[in-house]
Amino acid sequence: MIEKKDLALRSVLHKAAMMAAVLALGASALLFGRANADQATGQTGAATQSKTQAAPSAADIKKGKEIILEAAKAAGGDALKSIKSAQIDTSGQAFAQGGAVDIKLELTIEYPNRLHTEAQLPQGNIQQIFDGTIGWLVTSEGTIDLPEEYIPEFKRGIALAGGWGLYRDALNGKVDAHFVDEEQVDGKKVEIVEWASPSGPARLYFDATSHLLTGAHFDALTPDGPVQTDQRWSDFKAVSGCQYPYGTMVFH
């Protein structure tokens, strides 16, 4: 017979595992190689999206796709097509409700759509797997199947891991996006493109000088419901002939 306290413990572990999945997905878009420590913070990002928008014009669609394609060329161009997989080691902290949690992640992406992550958390190690069709977690308590609604989160995370998945799609003419506007973000001019990501509209910020993807704003699914998320990328370095950001901050 399962006692109430056991059910409560399983509930806590399940939620911790699900949150680890969300953190890992955020981190999957953070760093390549043995990068420096980064942060997933509990602050609200400054970027906002208009709730009511007119249908994009043909010119804006053309320009949006051109901006992403230019970013893909700046990040490595055809060299990106030859990359079959990427191994990412990440360490950092998550800040929420006045506390900090140390996180270490080992993540492997097999393009175009497979992912494996092992997160080292205070609750223990949690593995996260997506085979292109379904996702699940492996914890000390056993295996937890992730709901179908998390599948788009995996796909967006893979696409935004250094932007490489997105860039590969752009080079193959498979990106649905349109130009929105130009703004100053962190003191730099950026071109904003709205991308029809697998999980819904996402605003992407491309540095007007380097043309690289330096930020994104979207709604992320969490165990407590959707939250607005801002990601900022910096400290780009060459890896296998392609540019990858070694510095990241994530704001929820």
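This is a short tour of a predicted model, stop by stop, with what to select at each one. Residues are numbered from 1 along each chain as its sequence is written, and side-chain values use heavy atoms, with hydrogens and water left out. Because the model is predicted, local features need pLDDT of at least 70 and side-chain atom pairs count only at pLDDT 80 or more, while totals for chains, interfaces and linings use all residues.

**Whole chain.** Start with the cartoon view. The protein has five helices and 14 strands; these are DSSP runs numbered from the N terminus, helices being H or I of at least four residues and strands E of at least two. Of the 252 residues, 46% are buried, meaning under 20% relative accessible area with a 1.4 Å probe, protein chains only (exposed is over 50%, partly exposed in between).

**The core.** Select I68, W164, Y167, L204 and F206. These residues have the most contacts inside the largest nonpolar core, which has 53 residues. Such a core is a set of buried Ala, Val, Leu, Ile, Met, Phe, Trp, Tyr and Cys residues joined through side-chain atoms within 4.5 Å. Next, centre on I68. Beyond its neighbours within four places in sequence, I68 is in contact (heavy atoms within 4.5 Å) with L166, Y167, A170, V175, A177, V193, L204 and F206.

**Helix α4.** Select residues 151-159. Seven of the nine residues in this helix are buried: I151, E153, F154, R156, G157, I158 and A159.

**Aromatic pairs.** The structure holds two aromatic pairs; rings of Phe, Tyr and Trp (its six-membered ring) pair if their centres lie within 6.5 Å, with planes under 30 degrees apart counted as stacked, over 60 as edge-to-face and the rest as tilted. F130 and F154 are stacked, at 4.8 Å centre to centre and 5 degrees between the planes. F130 belongs to strand β6 (residues 124-130) and F154 to helix α4, 24 residues apart. F130 has a relative accessible area of 1%, and F154 is likewise listed at 1%.

Now select W164 and Y244. Their ring centres are 5.0 Å apart and the planes are at 85 degrees, so this pair is edge-to-face. W164 is in helix α5 (residues 164-171) and Y244 in strand β14 (residues 242-251), 80 residues apart. Both W164 and Y244 are buried.

**Lysines over rings.** Finish with two selections. A charge sits over a ring if NZ of Lys or CZ of Arg is within 6 Å of the ring centre and within 35 degrees of the ring normal. Show K63 with F179: K63 lies over the ring face, 3.9 Å from the centre. Then show K237 with Y246, where the charged end of K237 is 4.8 Å from the ring centre.
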